[in-house]
Amino acid sequence: MALTYKTRKRLSLLILLIGMPVYVILAVTVMNTLPRLPLWAEVPVYILLGVAWILPLKALFKGIGQPDPDQK
């Protein structure tokens, strides 16, 4: 079942406003519970965590900035 443009837009907004801050808090908490890593190892982990959240949601965010294709 494909989501309509309006549903995708609302869901992406919900993810950005609620899901993203929750993910950031979770990622920082996980990093703080691990033993302290040297800076050269910690930076790539944060970069990986910063990119990893978008991979499963890429299809949802694709085309959201474009005009509604169903609207004439």
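## A nonpolar patch

A patch of this kind is made of residues with over 30% relative accessible area and no salt bridge, and nonpolar side chains are joined into it within 5 Å. With that in mind, look at this predicted model and pick out Leu3, Leu11, Leu13, Leu14, Leu17, Ile18 and Val22: together they form a nonpolar patch on the surface.

## The overall fold

Now step back to the whole chain. How many helices and strands does the chain have? There are three helices and zero strands, and reading along the sequence gives the pattern α-α-α. The radius of gyration is 16 Å, while the globule rule gives 11 Å for 72 residues, so the chain is more spread out than a compact globule. The C-alpha trace tells you its extent: about 55 × 20 × 20 Å along the principal axes.

What share of the residues counts as buried? The figure is 15% of the 72 residues. The accessible surface of the chain is about 6000 Å², and carbon and sulfur atoms account for 73% of that. As for contacts between residues at least 6 apart in sequence, 70% of them join residues at least 24 apart.

Is serine 12 buried or exposed? Its relative accessible area is 4%, under the 20% cut-off, so serine 12 is buried. Leaving out residues up to four places away in sequence, serine 12 touches Leu60, Phe61 and Ile64.

## The salt bridge

The structure holds one salt bridge. Which residues form it? Glutamate 42 pairs with arginine 36, and the closest N and O atoms are 3.2 Å apart. Side chains of opposite charge can pair when their charged atoms come close. The two side chains are also listed as making a polar contact, at 3.2 Å.

The partners have opposite labels for accessibility. Glutamate 42 has 13% relative accessibility, which is under 20%, so this residue counts as buried. Arginine 36, in turn, is exposed, with a relative accessible area of 72%. To place glutamate 42 in the fold, look at helix α2, residues 39-52. Setting aside neighbours within four places in sequence, glutamate 42 is in contact with Met31, Arg36 and Leu37.

## Toward the end of the tour

Finally, follow the chain to proline 69, in the segment after α3 (58-61). Proline 69 has 63% relative accessibility, which is over the 50% cut-off, so this residue counts as exposed.

How far apart are the C-alpha atoms of proline 69 and methionine 20? They are separated by 27 Å, and the two residues lie 49 residues apart along the chain.

Technical notes
Residues numbered from 1 in each chain as written. Predicted model: local features only at pLDDT ≥ 70, side-chain atom pairs only at ≥ 80, totals over all residues. Heavy atoms only, no water. Helix = DSSP H or I, 4+ residues; strand = E, 2+ residues; numbered from the N terminus. Rg over C-alpha atoms; globule rule 2.2 N^0.38 Å. Buried < 20%, exposed > 50% of the residue type's maximum accessible area, 1.4 Å probe, protein only. Contact = heavy atoms within 4.5 Å. Areas by Shrake-Rupley, 256 points an atom, 1.4 Å probe, with all protein chains shown as cover. Polar contact = N/O pair within 3.5 Å; in protein donor to acceptor, adjacent residues only side chain to side chain. Patch = residues over 30% accessible without salt bridge, like charges linked within 9 Å, V, L, I, M, F, W, Y side chains within 5 Å. Salt bridge = Lys/Arg side-chain N within 4 Å of Asp/Glu carboxyl O.
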